[in-house]
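Student: I would like to learn how to read a model of two chains. Could you take me through it feature by feature?

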Amino acid sequence: MMPDAFERWLAAATRGLPTETAAEVREELAEHYADAVHMHLLAGLPPAAAHAAALAELGDEQAVAQGLQQAHGSARRYLRAALLGLALLLMYPALLVLPGAGGAAFNPAFFLPVVYILYSFRTLFRDYYSPHSIEPVVTLAGRGIMAMCLLRIVARALYHHPPIMESYTLGLWDAAGGAELLLNLAGALGLFTAAAAMMVLGEQTLRLRLAGPASLRPLCVLALFCGLSMAGFGLASLYGAAGPSALLDHAAAISAILAAALWTRYFFRAGRPLLRPA
Amino acid sequence: MNLKGSLPLLILHLLSEGPYHGYHIARRIRDESAGVLDFKEGTLYPTLHGLEKQGLIEAYRAVENGRKRRYYRLTDMGRAALDDQREEWQQFTRAVNAVLGSGAS
């Protein structure tokens, strides 16, 4: 059984590595540690002192983490993620100008950058902060968004929704039939789930910012704003309010774009040694 | 004494004698230098993994005293790299010695 101090050292030393690699490295470092403890015990040290000496011999966990990240190309991994972020970012305005794209508001593609950002959050937090509380929130948000996107796609395919500017005038309760209404309600539920998760995520991020890089601050604010505007849009659509619905929808779209841009920049920085564990 | 820079050479040299695991390599460096080449043992692993990524060494799993261990062995490319690095090191020490010698006279 490994002592807590070594477990913490191990977690910090293997941050930022791909999951499988991290598991292998942990196993190898644990072997090293077990050997060192064994040697100290043979030399006559009491168990607590043997563990402490073995840990001290391993050295600074941040230096080990940095070296391992360099050896395993973590920077390249983050740069690839940044490029993907840029591609997604460019995809959104491209979709807006495509003929027959149907506009941004009800186009499920709008949420792809958001899903990407959420999963980027997950990767970053797992690698650099390891807060287990974040994972369920991000998973919930991702599922909520995906559920809503799928339901929107089904609803559009089944009921041939009108072009976007007209659909602003349609409220949830203006749906033609029972099945359409159910789909709309389920879609709205997905939206609320995603919005709630975004808000919790923003709040969690704000807390973590205290221990992390200051550049996370705009992301926290945007995550909160994105969640609030998505919730507002969902609420407005329930009552078919044309003006506020359209306004909130655009606010959500703009904040998602800004968040994607900032997140991309953040990943570019992570590709360099600038983003080191705090 | 700071090992940075010479650690890859020392690892390649030790592995030219046979396959070893990380702890054994760390102990050999410490013991054979009589503690002069002191280093934090955790930093050995980034170097080992870096050498593995470069194809100079390869890792494999084997059981020792009932425990699974990760061993490293030198590759052909590693053997060639060891010859080059050894030669560079000798040139370097000759140059430093020459300067120190000229200063002493």
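Tutor: Gladly, and we begin with helices: these are DSSP runs of H or I of at least four residues, strands are runs of E of at least two, and both are numbered from the N terminus. Helix 4 of chain A is followed by Gly73(A), whose phi is positive, near 65°. This is a predicted model, in which local features need pLDDT of at least 70 and side-chain atom pairs count only at pLDDT 80 or more, while totals for chains, interfaces and linings use all residues. Residues are numbered from 1 along each chain as its sequence is written, chains are lettered from A and ligands numbered from 1 in the order in which they are written, and side-chain values use heavy atoms, with hydrogens and water left out.

Student: What is the mean pLDDT of chain A?

Tutor: pLDDT is the predictor's confidence in each residue, from 0 to 100. Chain A averages 64, and 26% of the residues score at least 70. Helix 3 of chain A has the highest confidence, at 94, and helix 8 (residues 164-167) of chain A the lowest, at a mean of 40. Over residues 162-173 of chain A the pLDDT is below 50, and this stretch has 29 contacts in the model beyond near neighbours in sequence; contact means heavy atoms within 4.5 Å.

Student: How many residues does each chain bring to the contact?

Tutor: Chain A gives 21 residues and chain B gives 21 residues. Buried area is the accessible area (1.4 Å probe) that two parts lose on being put together, summed over both. Here it is about 1800 Å², with 52% from carbon and sulfur atoms. Of the area that chain A buries against chain B, Glu28(A), Glu31(A) and His32(A) supply 33%, more than any other three residues.

Student: How many salt bridges does the rule find across the interface?

Tutor: A salt bridge is a side-chain nitrogen of Lys or Arg within 4 Å of a carboxyl oxygen of Asp or Glu. Between chain A and chain B the rule finds seven. Arg67(B) and Asp35(A) meet in a salt bridge through their side chains, at 3.0 Å from N to O. On the side of chain A that touches chain B, the elements giving two or more residues are helix 2 (19-42), helix 3 (47-58) and helix 4 (61-71) of chain A. The largest share, 11 residues, comes from helix 2 of chain A.

Student: Is Glu41(B) buried or exposed?

Tutor: Buried means under 20% relative accessible area, exposed over 50%, and partly exposed in between (1.4 Å probe, protein chains only). Glu41(B) has a relative accessible area of 1%, so it counts as buried. Glu41(B) lies in the loop between helix 2 and helix 3 of chain B. Leaving aside neighbours within four places in sequence, Glu41(B) is in contact with residues of both chains, including His32(A), Glu57(A), Tyr23(B) and Arg30(B). Arg30(B) is in helix 2 (residues 22-32) of chain B and is buried because its relative accessibility is 15%.

Student: Where is His49(B), and which residues does it touch?

Tutor: His49(B) sits in helix 3 (residues 44-53) of chain B. Its relative accessibility is 3%, so His49(B) is buried. Beyond four places in sequence, the contacts of His49(B) include Val25(A), Glu28(A), Leu68(A) and Tyr72(B). Leu68(A) is one of the buried residues of helix 4 of chain A, and Val64(A) and Ala71(A) are also among them.
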